[in-house]
Amino acid sequence: MSMNEPIFKEVYNQLYKVNKDISLREEIAEWAQKFLENDDLIFKDEKSWDLIMILSGIDIETSPSEYLYGKEDFEKWLEEFNPQKN
């Protein structure tokens with residue numbers, strides 16, 4: 001299946017969505033991982049690639065009831081990748 005590189009705004013919106021509703025964590029990580037698993041896809045936008053890499057790991061658990069990344073991390077990334085700042 002052919003897949004196109006997502007535009008940065010689409011990737012950023014996924015981060016925004018998980019920050020608003022943390023229950024979407026697994027769904028959004030899975031969304032990001034499908035881009036990483038596509039060997040034919042070449043990212044031209046480095047910021048999109050960086051954020052896809054981050055999003056693909058937002059569901060990593062440190063224990064059965066705790067995640068490696070949380071709300072503070074999401075907010076930091078929203079600020080760091082804010083398209084209006086860059």
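Student: What makes Glu-10, Val-11, Gln-14, Lys-17 and Val-18 in H1 count as meeting H2?

Tutor: They meet Arg-25, Ile-28 and Trp-31 in H2, and contact here means heavy atoms within 4.5 Å. Helices themselves are DSSP runs (H or I, at least four residues), numbered from the N terminus. By class, this contact has four nonpolar, one polar and three charged residues; Ala, Val, Leu, Ile, Met, Phe, Trp, Tyr, Cys and Pro count as nonpolar, Asp, Glu, Lys and Arg as charged, and the others, Gly among them, as polar. Bear in mind that this is a predicted model: local features need pLDDT of at least 70, side-chain atom pairs count only at pLDDT 80 or more, and totals for chains, interfaces and linings use all residues. Residues are numbered from 1 along each chain as its sequence is written, and side-chain values use heavy atoms, leaving out hydrogens and water.

Student: Why is H1 called roughly antiparallel to H2?

Tutor: Their axes, lines fitted to C-alpha atoms over the stretch in contact, with angles from 0 to 180 degrees between N-to-C directions, come within 9 Å and cross at roughly 165°. That makes H1 roughly antiparallel to H2, because angles over 145 count as roughly antiparallel (under 35 roughly parallel, 65 to 115 roughly perpendicular, the rest oblique).

Student: How do you know whether Gln-14 is buried or exposed?

Tutor: Its relative accessible area is 11%. Buried means under 20%, exposed over 50%, partly exposed in between (1.4 Å probe, protein chains only), so Gln-14 is buried. Leaving aside residues up to four places away in sequence, Gln-14 touches Ile-28, Trp-31 and Leu-55.

How values were computed. Helices (H or I, at least four residues) and strands (E, at least two) are DSSP runs, numbered from the N terminus.
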